[in-house]
Amino acid sequence: FNRELPPVTSRKLLVFLVSMLIAPMQVSAQTFTDVPPTYFAYSFIETFAASGITSGCTPETYCPEDPVSRAQMAVFIERGINGGSYSPPPATGTVFLDVAADSFAAAYIEQFFLDGITGGCGGGNYCPGRSVTRAEMAVFILRAMFGPDYQPPSATGELFADVAAGDFAAAFIEQFAAEGITGGCGGGNYCPTTTVKRDQMAAFLARAFLGME
């Protein structure tokens, strides 16, 4: 492993190593009533909860089929980078026009920006309520892993049938697969414009930050 990592990644690498101590934990009981042990993402979601990255959508449920908003994604990724107990500095409300200081996840969203993982959705906005697509997820997670200036190798356009070399985030999507974080959505496709669900998000982040397979 010879990849030269950006300076910000040293912090992420430390968190990753600590997280590796958390990942092997065996949860003795089912945490969420809507995620039984037979569910495909059960181990990812349980580890996700045990590491403190999420506590579910209610105290008893995880809502695995619900879409992930851009606001929620800021929380999940910042906690993935910094640990489940991480709390960013208070929000100023001056970074994005549509994110007031008292908005849900405002502090995480502003830190997400300060870390260089996102520049918003355009026009000075962040679009916190908009659902995250699978293409956006690839960009967010790889930048969180390797630093805001990370640029993956050029896309070939040959990995997924629905991702041409010139498509938005094509290089990130192909590298996302190369890192072993995704195998696509089936049938040789990646489904770049499909909304990410909470169960998929748990799998992506557990693989990226907790080293799970």
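Glu-174 sits in helix H6, which spans residues 170–178; helices here are DSSP runs of H or I, at least four residues long, numbered from the N terminus. The structure is a predicted model, in which local features need pLDDT of at least 70, side-chain atom pairs count only at pLDDT 80 or more, and totals for chains, interfaces and linings use all residues. Residues are numbered from 1 along each chain as its sequence is written, and side-chain values use heavy atoms, with hydrogens and water left out.

With a relative accessible area of 10%, Glu-174 is buried (under 20%; exposed is over 50% and partly exposed in between, with a 1.4 Å probe and protein chains only). A polar atom of its side chain lies 2.9 Å from the backbone nitrogen of Thr-156.

Turning to charged pairs, the whole structure holds 3 salt bridges, each a side-chain nitrogen of Lys or Arg within 4 Å of a carboxyl oxygen of Asp or Glu. One of them pairs Glu-65 with Lys-197, the closest N and O atoms being 2.8 Å apart. Glu-65 lies in the loop between helices H2 and H3, and Lys-197 in the loop between H6 and H7, so this pair ties together parts 132 residues apart in sequence. Glu-65 is partly exposed at 45%, and Lys-197 is partly exposed at 31%.

Glu-136 forms a salt bridge with Arg-70, with 3.7 Å between the closest N and O atoms. Glu-136 belongs to helix H5 and Arg-70 to helix H3, so the pair links parts 66 residues apart in sequence. Arg-70 is buried at 2%. Arg-130 also bridges to Glu-136, at 2.8 Å, and shared partners join Arg-70, Arg-130 and Glu-136 into one network.

Note on methods:
Helices (H or I, at least four residues) and strands (E, at least two) are DSSP runs, numbered from the N terminus. A polar contact is a pair of N or O atoms within 3.5 Å; within protein, one must be able to donate a hydrogen and the other to accept it, and residues adjacent in sequence count only if both atoms are side-chain atoms.
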